[in-house]
Amino acid sequence: MMHLSKSVATSGFVTAAPVLMLFASLAIAGDFEDGMKFVLSKDYTKAMQSFRKAANAGNADAQFNLGVLYSRGRGVPQDHEQAAKWYRRAAEQGDAPAQSMLGYMYLKGQGVPQDYQQAMFWYFRAADSGYAVAQYNLGVMYAKGQGVEKDYRHALSWYLKAAEQGHAPAQAIMGFMYLKGQGVEQDDHQAVSWYRKAAEQGYAEAQYALGVLYAKGRGVAQSNQEAASWYRKAAEQGNADAQFNLGMMFATGEGVTQDYRQAASLYRQAADQGYARAQFKLGVANAKGLGIPEDAYEAAAWYRKAAEQGYAPAQFNLGVMYATGKGVIRDERQAVSWYRQAAEQGDPDAQYNLGVRYDTGRGIEKDPQQAVAWYRKAAEQGYARAQYSVGVKYDSGQGVPQDYAQALAWYLKAAEQGHAGAQTNLGVLYYNGNGVKQDYVEADKWFSIASAGGYEDAKENRELMEKLMTPMQIADARREADEWARAHQR
């Protein structure tokens with residue numbers, strides 16, 4: 001029997017069989033062929049009538065196609081039980097695509113009770129006939145441990161059978177297996193080889209993956225131009241990952257000429273598919289007027305879409321918009337709510353801002369201990385402003401017991417990142433000898449470093465400090481400040 005190709009999870013219509021079943025009459029062949037003509041003209045009601053006549057007389061191709069019509073609700077109301085019934089009739093005659101589809105229906109519990117064992121039974125029958133779709137799906141079941149113990153080696157063996165027949169999804173998953181080292185020794189070059197086979201057949205997921213490998217230089221020479229080329233092929237087929245990545249390349253001018261309008265257009269294509277990162281980037285483009293007119297209300301709308309999917313950067317930005325009243329009515333409690341959602345996912349900007357809210361009592365009851373707790377979470381991620389704030393808390397004893405040694409440690413972390421306030425406060429600790437041995441040279445060093453950044457408090461402190469110092473001490477402090485500046489040049 002000849003069949004049109006079928007995708008992994010759906011099925012298409014079969015062509016007329018060149019060799020009929022022995023008991024099939026010429027009238028049956030005519031009914032089936034009439035059904036195919038009606039399918040091509042999209043008259044599914046008449047196609048159903050013709051297929052049913054042939055199917056009732058035992059034509060397996062017609063039985064399969066009746067299953068397709070019932071599955072898709074074409075020419076009849078969608079009815080998975082009827083679809084399964086007709087797939088089974090064809091499957092029992094040895095029709096491999098029908099066996100594969102019946103396996104899929106058991107896998108998903110469509111029209112039949114979900115049953116992994118039955119799914120594997122029918123997939124095996126189709127796979128043993130060399131049907132690539134079933135071989136691929138068996139690989140998926142072994143990889144996921146559905147009905148069997150998870151076994152990447154068995155998965156790989158079935159994927160390979162399908163891939164060697166040119167089945168693009170199987171070729172792509174072979175690429176993934178080699179890339180991750182699942183069931184086979186990790187090998188970037190083999191990954192590229194398999195992804196390329198699928199990509200050259202137009203398989204969008206493989207084209208996207210190949211773009212990623214070129215962007216990272218894994219298994220191939222790094223090339224942003226090649227990455228952009230493969231992303232474009234996948235993007236034109238509607239692959240949201242590729243649309244987003246290509247948008248990012250247009251935004252930065254990597255591999256393509258920088259073009260914010262193109263970036264915004266690609267973000268929009270992915271965003272319309274519900275892609276949260278693209279929705280966020282589209283919000284940023286609207287907020288800043290990058291490639292599209294500046295529009296705070298549109299920015300807020302896109303941030304909200306991404307935020308409601310749990311995307312932390314969008315939740316934080318939406319919190320900022322509520323805090324400032326841009327694109328939304330100002331609402332301090334809403335700001336706190338969105339900051340909290342992002343903070344609980346580990347976003348350091350949000351954690352710091354939530355700490356500020358607890359510190360000031362804006363939109364929430366003031367709570368110095370909670371402020372310190374959120375500052376610390378951001379500080380432990382290396383967030384300089386939060387490190388400084390934790391230092392201030394230990395310095396003043398607000399929300400935590402006063403501890404100059406802790407204050408010194410946190411100020412130093414922020415100071416090393418160039419935070420002028422922390423640098424100034426370090427100088428004060430060394431001047432007073434709080435938590436550390438009093439050291440005018442070290443104090444003046446930190447005042448000088450902060451002064452170089454234009455921090456006025458540090459300038460005033462340095463002037464007062466140097467009235468207490470000898471010329472040699474001042475020279476030592478300036479030299480150490482210069483050495484620090486050279487070591488921290490960015």
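Predicted model: local features only at pLDDT ≥ 70, side-chain atom pairs only at ≥ 80, totals over all residues.

1. Residues are numbered from 1 along each chain as its sequence is written, and side-chain values use heavy atoms, with hydrogens and water left out.

2. His 419 sits in the loop that joins helix 22 (404-416) to helix 23 (420-432); helices here are DSSP runs of H or I with at least four residues, numbered from the N terminus. With a relative accessible area of 18%, His 419 is buried, a label that means under 20% with a 1.4 Å probe and protein chains only.

3. The side chain of His 419 reaches the backbone nitrogen of Gly 421 at 3.2 Å, and a polar atom of that side chain lies 3.1 Å from the backbone nitrogen of Ala 422. Leaving aside residues up to four places away in sequence, His 419 touches Ala 384, Arg 385, Tyr 388 and Ala 414, where contact means heavy atoms within 4.5 Å.

4. The axes of helix 24 (residues 440-452) and helix 25 (residues 456-466) come within 8 Å and cross at roughly 150°, the axes being lines fitted to C-alpha atoms over the stretch in contact, with angles from 0 to 180 degrees between N-to-C directions. The two helices are therefore roughly antiparallel, the term for angles over 145 degrees.

5. Among the residues making this contact are Tyr 440 and Phe 447 of helix 24, and Arg 462 and Met 465 of helix 25.

Technical notes
Buried < 20%, exposed > 50% of the residue type's maximum accessible area, 1.4 Å probe, protein only. Polar contact = N/O pair within 3.5 Å; in protein donor to acceptor, adjacent residues only side chain to side chain. Parallel < 35°, antiparallel > 145°, perpendicular 65-115°, else oblique.
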